[in-house]
Each structure stands twice: as C-alpha cells, then as structure tokens.
Amino acid sequence: MTSLLFAQLGTPHRIQTPSVAWSGLLPVLVLLGGAVVLMVVGALLPRRSRHSWHLWLTLLIAAGSIGCAVPLWFRVRDHGPLSILRDAVRVDGLALFLGIVIVVGVMLAALLTDGYLRREELEGPEPYVLLMLSATGGLLMASANDLIVMFLGLEILSLAVYVLAGLHVRRLRSGEAAMKYFVLGGFSSAFFLYGIALAYGATGSTNLTDIQRFLATNTLTNNGLLLASFALLLVGFGFKVAAAPFHSWAPDVYEGSPSPVVSFMASAVKAAAFAGLIRVFVYAFALDRHDWQPIVYVVAVLTLLVGSVLAVVQTNVKRMLAYSSINHAGFVLVGVQAASDRGVRSALFYLATYTFMVAGSFGVVTIVGRRGDNRHQLDDYKGLARTEPLLAFAFLVFLLAQAGVPFTSGLWAKFYVIGAAVEARSFWLALVAMLSTVISAFLYLRIVLAMYGGADEADEAAPAVPRLRIPFAARIALVVSVVATIGFGLVPGPLTHASKTAVPKIAAGK
Amino acid sequence: MMLASTLGPTPYLVLGAVLFTVGAVGLLVRRNPLVMFMCIELMLNATNLTFVTFARQLDDVGGQVIVFFVLVVAAAEVVIGLGIIVGILRRRPGATADDLRLMKG
C-alpha cells in the first residue's frame, strides 16, 4: 500500500502554475502589507499617544504605494499593459490612474481622521488599517480583468467600509448607518454576483478579454441571459456609485457615518466602482453598447435630476452634499454613457478632480460638525465667514468647484463630460446635465449665503457655540484640496494629458 | 447524477432564480436584522447553484471554483454583519429594522 503510494508520488506530476509578475501588483501589496504591519505595530504600542504616528505611518505607506505606481505608469505607457495571473489582473493606464486617485483619497481621509478621532475620544490604528484594506480592494477592482476578481475587490472594498461607517461606537446614528449600508450593500453585491453568473452562463467565461472575444466572434441567437446580466451588473454598480434609483441608502449613510469616512466613501469608493463599471461595460461589452447604452442613459438622467432636485429641499448640509454626490455620479455616468475614448477620458478626469473637491468639502463638514459630529444643519454654518474666514473660503472654493465655476477644476470636469456626450450625439442628456448644474448651483449658493450672510443672527448665538478647533492634519488636507482644485482649474493640462494616456483602446463597433 | 443528465440544466437554473427572488423579496419584507441577513445568504447561495449548473453545462471547472470564493466572501460578510448587529443590539436590545429610523430615508 505504502509502496504504491510512493510509486505514485514518485512520478513527477507537476502542476503548472502561472508565473506572477509581482512587480505589477506592488501598489496593492504595499498597501496590504502596510495595513498588516500597522495593525501589528498598533497592537504592541500604546493605543493613545500624543503623537499621531498612526497617521504618519499611513501616509508613508500610501506614498509608498503611489511611489510604486508611478514607475509602473511609465512602463505601461511605453510597453503596453501588464497581464498578471493568466490575465485575471490587468495593470494598464486606467487601473493605475484610478488606483492613484483611490490612494490619494485614502491619504486625505486619513488626514481628516486624525483630528476626528482625538475630538471624539476614539482611539487605535483600526480606522487607518481599514482605510488601507478598503483601498486594497479598490485597487484590485480597478485592475481586475476577471469578473470574479472584480467581485472579490468589490467585497474587500465594501466590507472594510461597512465597518468604517460604524466606527463611532458610542453614536447610535453611526451604527444605524453601518447597518443600512451593510444590508443594502450585501443586497447589491448579491445582484452583482448573480449578474456575473448569468454572464458566465451566456458567454462561457468570467474573463473580460474572453467575454469580449466571445461576443465579437459569436452571434447569440437568444441574448436574454446576457441582457439580464447587464441589468443585474448595472444594479450592483449603481448601488456602489449611488446612482438613482439605487441611491436611497446614500443620504442616510452619509449623514450617520463619521465625516472623514464619508469623504472616503464619496471619493475612493466611487472611483473604484466606476473603474469596474467602465471596465465591464465600456470595454468588455463594447460591441453590445447599443443594448446597454439606453439603460445607462436613463439611469444617468434620473441620477442627475434626483441628485440636484432633492438636494435643494434638504436642510442638513451633510445630506445636501450626499445628494450632490449623487448628482456628480450622474455626471460621470454621462461620460460612461458616451462609450468612447473621450467619454472615458472625461470620466477619469471628473473622478480625479472630484476626489479633491469632495474630500475638502467633508473635511470642512468634519470640523464644523464639532464634538459629537452632530452640527450639520445649515444654521450651524451661519456667520462662518466671520469667525473662521479661511475655513469658509476653503468651503467656498469646494462648493464653487462642485457647481462648475470658472478657475476651478469643476468647470473643466463638467465641460469635458458634456463635450463627450455631445460628441456621442446624446444632446438631450447633455442638456439635462447642464440643467442639473443650474439647479444644484442654487444649493451650493444656499450654503455660501449661510456662511457669508446671516451674521446678525449669529451674533446672538455665538456665545453658546464652542469655538472651532482645526487640527493641523486637517489643515494640510484642506490646503492640498484647495490647491489641487484651483490648480487643476487654472492648469488642467497635465491631468488632461494623464487621463488621455490612461485610456485603453475600445473594441471597434459592429 | 442520473437525474441531472435526464433533467438538463433548466430546472436548476429556475430553482436558482426562485431562491434568489425569495431572498430578495424576503430582505425587503422582513424586519428582523438577522432574518434580513439570512436572506442575503440565500441570494448568494442561489447564485452558487447557478454557477455550478452553468459550470456543468459548459463542462468548465472555473464555475465550480468560483463557488469557493463566494463561500469565503459570504463567511466574511457573516463576521462583519453579526459584528454590526451585536454592536447595535448592545446599545439597544431587541431592535428591529423599523427602530433604525433616526435618519429619515
């Protein structure tokens, strides 16, 4: 018996394992390893200390991840995309561009988190670890070339964010936000997975390159399965980017979650989900664009209108910004709907500039929220320009940028997206987008008016309100965001050029 | 096995779709957080059944392997979900989804 066993073992029966180009995965691995190291070191050292070394270590790791991504960017630009793990992961311009955007989102959120944790007397390295783990999932999602890898990335991304939403353990709203986000997130993930299953059944593979090749060489006699999978995948992505009619979780979750976490949700999570959306629909299903474009068209119109109209009736600034982030998702969808090089390029530009605007906005919200993170009514912003002129100015810049005012990056972002829609002959969509800009401009001006006007009422209320404390780290985040927002508004060239380089080739139409 | 070859894939796919729908409707109808949570698991497992059926139909081992990934993800979701539920129930015993209405929505 034993001899038989050994005889069988003796014959060299090697399993072929694919070679892994680890260098291509370095940005992800640095973040993942850094998160584990921070967790372990955090367990060994005192949880609360005067020095915010958790934050600096996080920034160092994130900078290391970007440092690994930049050489890859030039390598990919000159020698074409890297295909890793039998084409399950593809490191190309799109993956690196949005990967860097996601990591920048982590850095800004981490800078805001430090002051928040001290103010709320929360402690420990866990928020930073979760931010980095979540970003790992985002990076994986942005570079996934297989639907299952994309699903895993989505789950790694989401699971960490569910916990982050419930970070503030003593605040009931935080737990409620975590619960709502978790249930609806799990619901949408299940839809997404069912969509993958149907796409697998219809095309025989989960690899995006194989799917594209299959659809290019075969004509389906009955494409009901494929169409159902389009719809289900779109539901999954729609939930993550908070597109109407799957947006209902966003205002509640944004209101209840800790404000620094919201900045991460609105920037990095959106960027990762759009990376997946673009990869699956614009690239893998490129040849069936006439089937999915109308659905995205309708979703984009709904998202734009819901995001702008419902924002106007809110009185809570965090909810206003939640609806405005829905509106922005609509704008990116306008770029995706064009399904052209120019559309993808404009979507990438939008996501990159929006990261700074939204991180800055929620940075201001974090600070104005004061202890307890509860002062988010419009009245709490009254007279802010008088008490904290610089903070009010920063918020003014972010709000004007979101409204798309000249000399800010927001103008170019909106301009490119609408340009792409017009080029794709979606005139009505472009018109709706511009109309929604006008409606949401009213909302932003309402906040600006509250900050710069209403000083006389604030005089009486002033003694009751404790003075704002702006932590040093949050100051850095705000300054960086303001500089980036105005900088890319004055000189959009480098970012436009980078987004142009990042766009992979789309398969030609039928 | 005999049954599988005589029936063909359709009944299994239909069963998967039905289970998925039961899970989706259950999640929207039930108010107990734990039951809502079980509904998500039902949806994921309905998807697993669909994957396995397609894998058999296509004679491709990939679909069977995916099931393992999904099981791992489902297990991770259980950990997070129960953690969140325990966190809420500790502050507020006997809470149902209807009690979670500090924020309108």
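**Notebook: chain B against chain A**

I looked for salt bridges (a side-chain nitrogen of Lys or Arg within 4 Å of a carboxyl oxygen of Asp or Glu) across the interface of chain B and chain A, and the rule finds zero. I note that this is a predicted model, where local features need pLDDT of at least 70, side-chain atom pairs count only at pLDDT 80 or more, and totals for chains, interfaces and linings use all residues. Residues are numbered from 1 along each chain as written, chains are lettered from A in the order written, and side-chain values use heavy atoms, without hydrogens and water.

Next I checked which elements of chain B give two or more residues to the side that touches chain A: they are the helices α2 (10–29), α3 and α4 (62–91). Helices here are DSSP runs (H or I, at least four residues), numbered from the N terminus. I found that α4(B) gives the most, with 14 residues.

I then looked up the extent of the interface. 41 residues of chain B are in contact (heavy atoms within 4.5 Å) with 39 residues of chain A.

Last, I turned to one residue, B:T47. It lies in α3 (residues 33–58) of chain B.
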